[in-house]
Every structure is written in C-alpha cells, then in structure tokens.
Amino acid sequence: RELDLAGRRRPGGNSILQEACASPCSRVSRPLASWSLASVEVASRTRKKKTGKTDPERAWAKARLAQALQYRQQLGRGMRTSRGGNSGLELEAIGWWDEKHAKCVLGHSNKHQWDFPIDPSTGRYCAVEDGGQYQGMHEVTQPKFDQEARFAFGVMMKRVDGGRRLSGVKMEPYEYTGKKMLGVAEWEKAVYKELERVEDLKGGVWARVPSGIDPATGEFIDGGRYYRLYGDEWMARVEDKLATVCVTRLIDHIIVEMDKAFADTPYKDTYVIAHDALSQFTEKGARAYLRSKGFDEDRLLGPRDGTNAGTRYEDKQVGDTPELMPLDSNLFSDLSYGCKQHRAMTWRLSNDDPRKFKYGTPKEVSDTMRRTWTVCPTPERIVQDIQRFPAALDAIIAANGAYVDELDNRKGRRARKTRKFIAHSDCDDVCADDARRYREMLADVRESAQPVRSSPRRPGPVAEAAM
C-alpha cells in the first residue's frame, strides 16, 4: 500500500510506482500487476574498505603524498653506516614495530562446524542407519565486554649465508596485556594523582610507611610513598595498580631488541625505528625521550626536512596507512591464521595439557600468540612483505596520496597457494595421532559404504551421430 506522510492511504493507489514504471530511466518491462516486493528488491553483500579518503584534495591525502615522496627520495640515497652520514634509507636498516590485540574466544573459533555420526560406544565413525549418532553443534559464548591480549611485535631482515640471501628476523614481543598504554604527559599526570591518593592513607600496608614528600622542598620524591614501600619496583607497582603502562617502557624494549637484532650488521649504530602512527609514540614527550636515548629524526622513520610543515601532520607520521607497515600488510594476517590453525590442531587435548593452544582467557591468548609467533610468519614472508615497501610508496604516489587497495590482500586461492604454514613442535604428537585416526576413519567409511550399482554408459552425441 502507498501511504502519505501521515500514514493514510493516498488516493490513486500505486501512482508513484506507476510513474516510476513509466519513466524512461526505468528498467521495468512487466505489467504493474505482476510486480511484488520480491521482484524489485536487490540484495548484495556489503563491501568493506580500509579507512582512508579517496579524494586526493583532502589534507590527509596531501600529507600522505608528501610523506611517500620523502621516503622514496630517501631510499634513493642509500644508507649511512656511521653516524653523521646522509639521511638515506635501506630496507635492511629498518626495524618495523606495530601493536596487535587479540580477543578471547569462549568456544570454537571457527565460523563453521562439521558433525559426523559416530558409534557412542567406540567413538568411531558409524553410518546413521547402523546406529551412528550426530554429536550436535557447539555454541560460542559472547560476553558483553571482550577481554584481550595486547602485544607490540617487531621484525627486520638481514643478510645470512655470507651475505648471499636475506632472511627475516622476529624480535621478542612487548606485552602489556591488561593495561592501557599512555603517553608521557598523561602517564605523569596519572602517577601524580596516585601518589597524592596514597599520601593520606593510614591503614593496611601504608600504616608504617613514612611520607613520600621531601620536607626540604615540599615536593614528592621520585615515586613518593610507593618508593618508600617498594624501592626500585615502585613504577611496576603503580602500573599494576592503575592498569596502565607508559610508552617509554615500549621504547626501552624496542631499543634493547633492535640492538640485539642489528648487532652483527653494518647498521648496528645507525638502524632506523619504524613504528605505526601511534599517538602515544609520536607525542612530544615520547619524541623527547627518544632523543635522550640517541634517536633523533635521522633514526626514526617519519617526516623530516620540513615535510608537512605547517599542517596537523607536522613532526608525526600520517595515520591510516597500512600499506607502509609490513606487519599490517600482511604479517599479522599470517600470525592470526597460525593461531587458528594451532587451536584447531590441538582442540582434542585436555585443557590442562601445556601443549594445547587456547583462547579462553587473556593469559591463554598470550601463551598461544607467543608460541605461534616463533613459527608464524616465516622468515621468507617477512622478507617478502618488507620488500613490498617501495611498491607501496609508488602506489600511493600514483594515487596522489589517496586511498589505494591493498597490494596483496592474500585472500582465497592466492592465500592458500602462497601461505606456508609451519606447525609448532608442540603439535608433532597431535598431528601424528590425528593422521592415524584419519586413516582409521577412512577405512571405517569404506567398509560401511554400500557398493554403487553401475549402469551402461549412454553413448555421447558424437557416437550417436556416427551410428
């Protein structure tokens, strides 16, 4: 029924639809009486795209273009191997870092389930007509607020075998599960507020702890009463209490791990840190801390020499640019795929078996991700994605800084063909047992299968013509 704005039926019946059908632009070819809602509706799957703008005139696109042009120019200069050289870049001199969070899964992790009839007494395959029973589908519990494990992962590539080939290297990840990462200014403000809170506490562990204020200056000593009680561990205690962590902790971890990774390379004193556009990492306090550690703009992948000066992107990287981060495109995809594979391979193990890969709690997610990271992604995949950096720059430049599709989203057949999965050693015994059970199941299926009566083949059209 056709209704007016007040909800009443309008006179003239289907006048609007009739006018639409009579329009020269209409694709209607059937009489109006034959139309129904089902015949005019169009259903299609909603497509997704990455964040970013398709208009090259937007400020974001212009900043991306300027950033890509700067990186392309740096790659053409070559990399200095001693302090005080030029500002060029080489892919072998860059260490890439980015954050990855994974939510807990309460139940099966796969979107699909398969159920086979089995004999309840033996647990072996059994046809339904022979008494086999289906086990039923399992449900997944969806909590109101998902818990998750939180990491920062790092990769680089170096020459091995006497410099004859490149191999990818994975660095020890930084974990801050259960905590929120804060910038330097926000962290200092939160700590000061906590020191003020405990200064007035009289009971519990604080009953005999002296004041954290220096009587000579009237200001808190470093750590306040937390330092009086816990000594040098005071900062870790504050982090646990506030469920937060300062970005300087991440910076210290990155420097330690990259010193190890580049120790036997020509770039041990000049390597470059590349981190995604994390606001806590690009704020003034974090940059000042990096400079105090010897990392000026020459040793950070980001804007320099006036790139994007006078804009909101001055002195910081442009966000929404996953094409330029190998971990985003697409090493994290390999890590997630590996976690799913390992959980599927060890689902039959008891929950108290240390070999089982689980996602039920943040601690279990953390353990699964750590063990999977040792084998996924492979060194070859790390090299492959790092070496795509120049091609990504060229794609952004060709699009004048606007959004571009991922260069290789590795979906479908291409993903299955190129992805090389290596199982963790904890799965060796499980895989051998699964192979044995699979062979037994196939034998059971063949034994229970009914013979198929063959029928004479009907001659094809060529044979009939010949007759």
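The crossing of α10 and α11 is right-handed (right-handed if the near helix is turned clockwise from the far one by less than a right angle, left-handed if anticlockwise). The model is predicted: local features need pLDDT of at least 70, side-chain atom pairs count only at pLDDT 80 or more, and totals for chains, interfaces and linings use all residues. Residues are numbered from 1 along each chain as its sequence is written, and side-chain values use heavy atoms, with hydrogens and water left out.

Helices and strands are DSSP runs numbered from the N terminus (helices H or I, at least four residues; strands E, at least two). Helix α10 (residues 327-345) packs on helix α11 (residues 362-373) at about 115 degrees, with axes 9 Å apart. Axes are lines fitted to C-alpha atoms, for helices over the stretch in contact, and angles run from 0 to 180 degrees between N-to-C directions. The pair is therefore roughly perpendicular (65 to 115 degrees). On the α10 side, the contact (heavy atoms within 4.5 Å) is made by L327, L335, G338, C339, H342 and R343. T368, M369, T372 and W373 contribute from α11. By class, this contact has five nonpolar, four polar and one charged residues. Ala, Val, Leu, Ile, Met, Phe, Trp, Tyr, Cys and Pro count as nonpolar, Asp, Glu, Lys and Arg as charged, and the others, Gly among them, as polar.

Helix α7 (residues 247-261) has 15 residues and should span 21 Å at 1.5 Å a residue; its end C-alpha atoms are 21 Å apart, which agrees. The expected span is 1.5 Å times one less than the number of residues. Buried residues of α7 include V247, L250, I251, I254 and M258 (buried, under 20% relative accessible area; exposed, over 50%; partly exposed, in between; 1.4 Å probe, protein chains only).

The axes of α7 and α9 come within 10 Å and cross at roughly 35 degrees. This crossing is right-handed. V247, T248, I251 and D252 of α7 meet A286, Y289 and L290 of α9. A286 lies in helix α9 (residues 284-292) and is buried, at 0% relative accessibility. Beyond its neighbours within four places in sequence, A286 contacts V184, V247, I251, Q280 and F281.

Most residues other than glycine have a negative phi, and most peptide bonds are trans. A cis bond joins S329 and N330, with omega about 10 degrees. N330 is in α10. The bond from C376 to P377 is also cis, with omega near 0 degrees. D305 has a positive phi of about 55 degrees and is exposed at 57%.

How values were computed
Parallel < 35°, antiparallel > 145°, perpendicular 65-115°, else oblique.
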